[in-house]
Every structure is written in structure tokens, then in C-alpha cells.
Amino acid sequence: MEFMTDPTKSAVIVSEPMRELMQKVERVALTHCAVLISGETGSGKEIVARALHYFSVRSAKAWIDVNCGALPEHLVESELFGYEKGAFSGAEAAKPGFFEMATGGCLFLDEIGELASRTQVKLLRVLDGTPYYRLGGVRKVSVDVRIIAATNRDLEEAIRMGEFRSDLYYRLNQYHLRVPPLRERLEDILPLAYHFLNVNFPGMVIAEDVIDALENYNWPGNVRELRNVISAAAMNAENNQINMRDLPTDIAEKTAVSSDSDNSQLSDMERRVIVETLAKFNGHQQKTAESLGISRRTLSRKLKSYSILA
């Protein structure tokens with residue numbers, strides 16, 4: 001059983017998409033509705049879930065997190081709902097399930113899309129407030145638990161494929177939060193990189209061309225991949241600075257190709273597109289960069305090189 005400390009103190013929230021997300025988190029946290037969090041692997045769904053609990057009226061109560069994908073199928077039911085002594089071979093003592101452990105607080109069901117159909121049925125009944133029996137039990141158990149679920153799967157597609165129950169989906173999805181992937185929040189990349197450095201490599205700096213490389217990479221593994229890249233690069237670095245040679249080959253090579261075109265003079269067409277897009281967004285550089293598919297730093301550099309903006 002775990003009691004919550006402020007998860008936002010260990011989070012980096014700089015970009016507009018993440019600030020908007022956290023504003024939604026603080027509002028919905030004050031309700032009692034179930035929340036479904038979607039997002040790519042490594043994007044930060046658990047931090048959002050923990051923030052929901054921290055800002056809720058249940059924050060002083062238990063927080064129980066369960067990775068549904070990591071539970072063996074034959075143990076899911078006993079782990080969620082508990083069991084009595086002698087319920088099966090090896091059950092030498094009674095054990096409360098995760099629902100009982102979380103009563104009054106919050107139960108976080110991570111990777112909810114990995115639950116087997118048989119377990120989905122039983123979970124739905126409990127979520128509807130129906131008392132249940134422990135395995136081998138003769139006394140019904142009632143719980144008061146807030147459910148937060150998370151998934152990196154498209155559950156609507158899973159429903160169409162017959163892999164996820166629609167009634168369970170609608171019960172979990174009373175409110176939906178989407179965590180944007182790292183490529184949609186470029187402003188978070190540099191602060192996150194320094195956050196990871198400060199944990200184990202305080203005082204280390206990142207070279208300017210490396211910053212460009214990080215901001216122009218697609219990050220399929222999101223924040224988790226960035227953390228691993230920064231940690232590995234820091235261990236490779238000399239003289240307390242991360243340089244291009246310290247990055248993984250795929251990131252460095254992609255940037256080398258981009259740099260060749262950056263070093264050449266922008267074509268009139270490219271310059272015109274940038275100016276028109278900037279005007280479309282009333283001079284808002286972040287929205288312009290996102291529309292053009294480049295980082296804000298890259299956009300700023302191009303604008304300065306053409307004296308469009310100081």
C-alpha cells in the first residue's frame with residue numbers, strides 16, 4: 001500500500017499541451033468519476049494517474065497500482081479480488097485483493113487493454129458497485145474505490161476486433177485524458193534532458209548541435225527513450241559536455257542529414273512558406289513550428305538567419 005506525495009515535483013511540465021493536460025487533471029481530480037488515460041508507451045501516463053490521485057479528495061487514502069499486462073492470466077482474479085485460505089493449492093492464508101487494499105483510495109489499472117475477456121466481465125460487475133466474493137469465500141465484499149485506467153492500445157479498435165468489451169470501455173471512460181507523445185511537445189525535451197542529467201550527472205551540459213538533434217528526433221519511445229539516451233550519452237561524454245559523438249548513431253546520422261540542408265541557403269519557396277505560416281498563426285512561433293514539423297529552436301534559427309525576426 002502506498003500513500004501519495006506530489007508527483008508533479010518530479011515531472012517536467014513546460015509545453016502548452018502538457019500545461020493544458022495538467023489543468024484538466026486538477027479539475028477532474030476533484031470528481032469521483034473513473035478516468036481512462038491513453039498515450040504511447042513511455043509518454044508519462046503513470047505520472048498523470050498519480051497526479052489525479054494526489055489532487056483528489058482521496059489523496060490521504062491508499063494508492064494501489066497494478067500492471068494488468070504483467071499479471072499471469074491464472075492469477076489475475078485472485079490478485080484483484082483476493083482469496084480465502086484453502087481456495088486453491090498453496091493458499092495457506094487468506095489474502096485481500098487489490099480492490100480491498102485500495103478501498104477509500106484509488107486503484108490504478110495500467111495496461112487495462114491486456115486483460116482477458118473472462119476477467120473483463122468480473123471487473124465490470126465490481127465497477128458497477130456489485131459486491132463480490134473472494135476466491136473460495138462465502139462472505140461478499142463491498143469496496144469504495146476510484147478507478148483510473150491507462151492503455152497504449154486503441155481500445156475502440158480492440159472492441160471492433162472483439163478483444164475488449166464495449167460495456168467495460170464505457171464504464172472506464174467516464175472521462176478521457178490523452179497524454180501527448182514527446183514529438184508533440186518539443187518544448188519539454190530540453191528541460192527533461194537536463195532533469196535526467198541532474199539526477200546522476202549534475203553540472204553536465206549539452207552542446208548546441210546536440211540540442212538541435214534531440215529536438216528534431218521523432219522519439220518513438222517517448223520520455224523513457226529520452227531518459228535512456230541522455231543517460232547513455234552522459235556516460236560516453238568527456239569534459240562534462242554531451243557532444244554529437246556521444247549520441248546513438250540513428251539520432252546523430254538523422255541530424256547530420258538535416259544539418260546539410262540547414263547549412264545551405266533556404267530556397268525562396270521555403271522562406272515564403274515559413275513567412276506565410278507565421279502570419280497564419282499571428283506570429284506564434286510554437287504553433288508555426290508544429291505546423292511545419294520542425295522544432296521551435298530550428299524555426300527561430302531560420303527566422304534569425306533571414307532577419308525575419310530578431
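This report walks through one predicted protein chain, from its overall build down to a few single residues.

A quick word on the ground rules: the model is predicted, so local features need pLDDT of at least 70, side-chain atom pairs count only at pLDDT 80 or more, and totals for chains, interfaces and linings use all residues. Residues are numbered from 1 along each chain as its sequence is written, and side-chain values use heavy atoms, with hydrogens and water left out.

**The whole chain**

The chain has 14 helices and eleven strands. Here, helices (H or I, at least four residues) and strands (E, at least two) are DSSP runs, numbered from the N terminus. Along its principal axes, the C-alpha trace spans about 80 × 45 × 35 Å. Of the 310 residues, 45% are buried. Buried means under 20% relative accessible area, exposed means over 50%, and partly exposed is in between (1.4 Å probe, protein chains only). Now take the contacts (heavy atoms within 4.5 Å). Among those with a separation of 6 or more, 73% come from residues 24 or more positions apart.

How do helix 8 and helix 10 meet, and at what angle do they cross? The axes of helix 8 (residues 189-200) and helix 10 (residues 222-236) come within 9 Å and cross at roughly 55 degrees. Those axes are lines fitted to C-alpha atoms, for helices over the stretch in contact, and angles run from 0 to 180 degrees between N-to-C directions. The two helices are therefore oblique to each other. For angles, under 35 degrees counts as roughly parallel, over 145 as roughly antiparallel, 65 to 115 as roughly perpendicular and the rest as oblique. On the helix 8 side, the contact is made by I189, L192, A193, F196 and L197, while helix 10 brings V223, L226, R227, I230 and A234. Sorted by class, that gives nine nonpolar, no polar and one charged residues. In this sorting, Ala, Val, Leu, Ile, Met, Phe, Trp, Tyr, Cys and Pro are nonpolar, Asp, Glu, Lys and Arg are charged, and the others, Gly among them, are polar.

Helix 8 also holds Y194, which counts as partly exposed at 25% relative accessibility. Leaving aside its neighbours within four places in sequence, Y194 touches M204, V205 and I206.

**Rings side by side**

The structure holds eight aromatic pairs. Rings of Phe, Tyr and Trp (its six-membered ring) pair if their centres lie within 6.5 Å; planes under 30 degrees apart count as stacked, over 60 as edge-to-face and the rest as tilted. Here are two of the pairs:

| Pair | Centre distance | Plane angle | Type |
|---|---|---|---|
| W63 and F108 | 5.5 Å | 25 degrees | stacked |
| Y169 and Y170 | 5.2 Å | 70 degrees | edge-to-face |

W63 lies in strand 2 (residues 63-67) and F108 in strand 5 (residues 106-110), so this pair ties together parts that are 45 residues apart in sequence. Both W63 and F108 are buried. In the other pair, Y169 counts as buried at 8% relative accessibility, whereas Y170 counts as exposed at 57%. There's also an aromatic cluster formed by F81, F99 and Y132.

Most residues other than glycine have a negative phi. N222 has a positive phi of about 60 degrees although it is not a glycine. N222 lies in helix 10 and is buried, with a relative accessible area of 0%. N240 has a positive phi too, of about 65 degrees. N240 sits in the loop between helix 10 and strand 11 (241-242), and is partly exposed at 41%.
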